[in-house]
Amino acid sequence: MTPINYSELLQLALPQVIVVVTALVVMAIDLIALRKRAIRIRFTVASALASLGCAAAILQILVHPAQANIFDGMLIANPLTHFVQIALLVLTIFTLLISVDSRFTEHVGEFVLLILIATAGMMFLVGSQDLLVIFISLELLSLSLYILAAFNKRSGQSWEAALKYFLFGGMSAAFLLFGFSLLYGLSNSTSLTRIAGALHGPSLNPLLVIAIVTTALGLGFKIAAAPFHFWAPDVYQGAPAPSAAFIASGSKVASFFVFFQVMALGFAGVNGTVTLSHLVRGWVPVLALMATLSMLLGNLVAIRQTSLRRLLAYSAIAHAGYMLLGILAHTQQSLAALLYYVVTYAFATLGAFAVIAVVEEQRGDDRLSHFDGLGKQAPILSFSLAIFILSLAGIPPLAGFFGKFYLFVTVLAATPNPVDLLWLVVLAIAMSAVSLYYYLRVLKRVYVTPPAIDCNAIHSPAVTQILVLALAAAVILLGCAPNLLLKWIDSAVQASGL
Amino acid sequence: MTSFPIPVLSILTALPVVGAIALLALGNRNKNLVRWTALAFSLAALVLTLILWSHFDTISGALQFQERNTWVAPLGAEYHVAIDGLGLLMLLLSSIVVPIGIFASWQIQDRVPLYFSLVLLLQACLFGTFTALNFFHWFIFWELSLIPAFFLIRLWGGANRTKAATQFLVYTMVGSIGLLLSFLALFLATRTFDFADLATLAQHGQLMPAVIDKLAWRHVTPDHVAIIVFTGAFLGFAVKVPLFPFHTWLPSAYSEAPTGTTILLTGAMSKMGVYGFLRILLPIFWPQMQVVLTPLLWLAVATIIFSAYAALAQRDLKRIFAYSSINHLGYCLLAIFAVIKFTGGDAALTGEKYAAMNGAFLQMFNHGLTAATLFWFVAILEKRTGGLRSLDDFGGLRKVAPVFTGLMGIALFSSLGLPGLNGFIGEFLIFKGSFPLVPWATSLAVLGLLTTAVFTLGILQRVFYGPLNSQWISFPDLTTRERLALAPAIGLMFALGLYPQLVLAVVNNTAIQMVEHFKF
């Protein structure tokens, strides 16, 4: 075995190190110097410091972009991982900033610490092609998220959500670990590329089938795809708004990326197909089943929701279904389309949660009827919410439309004959049409329904207004000029050689 | 090719968007200010279109005022806009119809800024659709136009507005999905979304072989694949025009919409469908259209005749004019289908094809103008009677409102195609051109003309003649302001009827080039 060069390793993981050190510093400052201050001041200082740390990490990635692949993919740095890590850091910064006006906890330092630790977990997660590191960083991420979901100690819902999240999470982690252990047994390696080399064969080993199914289920939990979606509605509804936003945006981006890597790299050679006429066993049919279920269930159940957060949760399940198509197509183009989709989706979701947080803070909860007539009371927040919702619905010229369009085109182009995956794309388009109904219902409440007579006026905090406007501008800009992001993603994917 | 120093077509599309934002910023305090601002923006667009008209090079008839920029390279999406005679004609029509719609919506009292900003947004979508030459952003405008139209019907419509708006949206959406899938197939086969590139491929007979090569599927013969791809695209346009039997959304949408919106729907939006047939379906899919020419002709004839008879059975003025709209656009489609008839390169018949194509262009413009004016009269009638518009509610209005009767009479006669008025020229050219090409279909379509005359005269009879309904003794005639506003529209009807060269000069070369495109 080659001797490990620790200074090189540290150099490579410097962005993650910066984030972790920031987390510790923020906590120390908060505990030592700010204990007696008002919560708002503590949140402002902690968020600002933490954002600075994330910005420093971004700067480190941009200024010293490392290229490395240590121990068969144990730690990887290439333009693609850089892109995803930067996206994650940007999303973390936005999450930190929307929590500035929160009042749900007095443990400010711990809250910010957990967000940053989760971010570090995600950055390791996307920078590895090794089962062990993937599992460990996934657990680091998940454990932080469980606590974040439970952070509102005064709310029973928050507890309930966190407990469900934890139980389901534990079970799916067991599934995942079981799948990983089978993979190790079959291939005698934990490196994805080596596993792929060992699994190559004409027929499917029964153990391999189990490994495929359990791995897909375990990772499917993280992206809230059916049938492992049960935690999503409760967590989206019960967790404090910044935590929910973080779970819905940043952790989704990281999980989708790692899902793609595990499937496309680790199980390369046992793909299978889902052509209507000709079904070959492999991981693609498993994902196709998950995608179909998610699209149907997410969209149809979302129609019945009366809470905006639950509605967003079911819509997230539906979106996970669409994005799974990008994974099962497993081409370079579909990866680029998937990344564009998931990043813009994360922006829109984050923005929507920021608006929800304001309304909830002042009206008690996120019932849809609390959004009646918001258009007149908080024009900027409502306008931004409209942009986010329309983007989620896939209305041109917003980013959501382009994301869907590009994703579907790349899925069709993935197989030599575009008709092969046509049924999935047609289903996705039909289900997007269904989704219009419940998305527009939200906007109808905001703009058409008059407000309830006894409701109090909404005060829009300045920071949130600026943030949601920035996010809305990003959604519009990326929709009108997708090349801004797409060029970057494309060249990164090309360079990574996935 | 005229090159303009500024991106004039993009500016034209952006202008109503700016107007819409300005109206929302004005707010609800001063309703008249909002109305006048909306009118000012729509008139500014009209002026800009007239400037384009005067700078248009009619000799070449080719695409002009071109702008072309790469947008999303991996998707073949370019921002490519330009206009030829057809595009210019449609721009002019939209910019005439929108001020009419705004005039006719003057009495709207509820949420005035939102209403007029939606109208201007709709206009922007129309401009975008009529200038786009790349499927990608063309489709965006095409779909986007549904949103303002939906809300205009849904929020300001009549008693059954919810159902009508939903039906309108669902029908058009389903058609659009077919359209989208077909173009995805074309894109995957050719890696381009550019209309001109696709048309060139089709002209050289390379388009469908490429698609078939890509889409080979068990049990489906190559010919069928081509027809399936064509049908998807066809569906999108057939719903929009609409063509029988995809028309059932139209009467309720037109009658439930506030009349100012109906003017936009019939005057400009219905032209999007016909325009799609001319700009997209005909150049790209003509070989497939030729294969199914006979059923297409039957559909056109059925559209013409059934809608005319349906109009005959209606009592509500708006529903009558709605069916009459279907009928008039049926003639356009008859001409379009006749043009692709295989004639073996017979020079005499080529001349007839030019006539039919010119006729279709003129008919689009004329129908837009006439239908918009007729619905405007309905709006005036509604304003005076508090929303009554059934044939049986009136009678003898001639005695109390002679000017109203005279002017609406002119519009009605234009609609039935009286020589000397604009309606005649288009229909004459269509029938002159189509008859030698497809004699049976054209002969049957004449029945539609006849029935149109019957129900149009019926309207005159029941509303304006006969004994005066005592309810309307104090029915006020047109005010000076209304007369002044109506005068340009009526004047244009006469001008076009007497001197059709006004429009023909602009579109003739485009029509000839379109026909030349098919190499048999």
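# A briefing on the helices and chain contact of chain B

In this predicted model, helix α11(B) passes α14(B) in a right-handed crossing.

**Helices α11(B) and α14(B)**

- Helix α11 of chain B covers residues 249-256, and helix α14 of chain B covers residues 317-339.
- Their axes come within 9 Å and cross at roughly 135°, which makes α11(B) oblique to α14(B).
- On the α11(B) side, the residues that meet α14(B) are L250(B), P251(B), Y254(B) and S255(B).
- Their partners in α14(B) are K318(B), R319(B), A322(B), Y323(B) and I326(B).
- Sorted by class, this contact has 6 nonpolar residues, 1 polar and 2 charged.
- A handy rule for reading such lists is that an α-helix has 3.6 residues a turn, so residues three or four places apart point the same way.

**Helices α12(B) and α15(B)**

- Helix α12 of chain B, residues 259-291, has an axis that comes within 8 Å of the axis of α15(B), and the two cross at roughly 165°.
- With that angle, α12(B) counts as roughly antiparallel to α15(B).
- The crossing of these two helices, α12(B) and α15(B), is right-handed.
- From α12(B), the residues in the contact include T259(B), G260(B), I263(B), K271(B) and V274(B).
- From α15(B), they include M364(B), G368(B), F375(B), W376(B) and E382(B).
- By class, the contact of α12(B) with α15(B) holds 10 nonpolar, 6 polar and 2 charged residues.

**A look along α15(B)**

- Helix α15 of chain B runs over residues 347-385, which is 39 residues.
- From its first C-alpha to its last, α15(B) reaches 56 Å, close to the 57 Å expected at 1.5 Å a residue.
- Is α15(B) largely enclosed by the rest of the structure, or largely open? It is largely enclosed, because 29 of its 39 residues are buried.

**Where chain B touches chain A**

- The contact between the chains takes 19 residues from chain B and 18 residues from chain A.
- On the chain B side, the elements giving two or more residues are β1 (64-72), α5 (135-144), α7 (161-190) and α9 (207-215).
- Which of them gives the largest share? That is α7(B), with 6 residues.
- The side of chain B that touches chain A has 16 nonpolar residues, 3 charged ones and no polar ones.

Notes:
Residues are numbered from 1 along each chain as its sequence is written. Chains are lettered from A and ligands numbered from 1 in the order in which they are written. This is a predicted model: local features need pLDDT of at least 70, side-chain atom pairs count only at pLDDT 80 or more; totals for chains, interfaces and linings use all residues. Two residues are in contact if their C-beta atoms, placed from the backbone, lie within 7 Å. Helices (H or I, at least four residues) and strands (E, at least two) are DSSP runs, numbered from the N terminus. Ala, Val, Leu, Ile, Met, Phe, Trp, Tyr, Cys and Pro count as nonpolar, Asp, Glu, Lys and Arg as charged, and the others, Gly among them, as polar. The expected span of a helix is 1.5 Å times one less than its number of residues. A residue is buried if 20 or more other C-beta atoms lie within 10 Å of its own, exposed if 12 or fewer, and partly exposed in between; C-beta atoms are placed from the backbone. Axes are lines fitted to C-alpha atoms, for helices over the stretch in contact, and angles run from 0 to 180 degrees between N-to-C directions. Angles under 35 degrees count as roughly parallel, over 145 as roughly antiparallel, 65 to 115 as roughly perpendicular and the rest as oblique. A crossing is left-handed if the near helix is turned anticlockwise from the far one by less than a right angle, and right-handed if clockwise.
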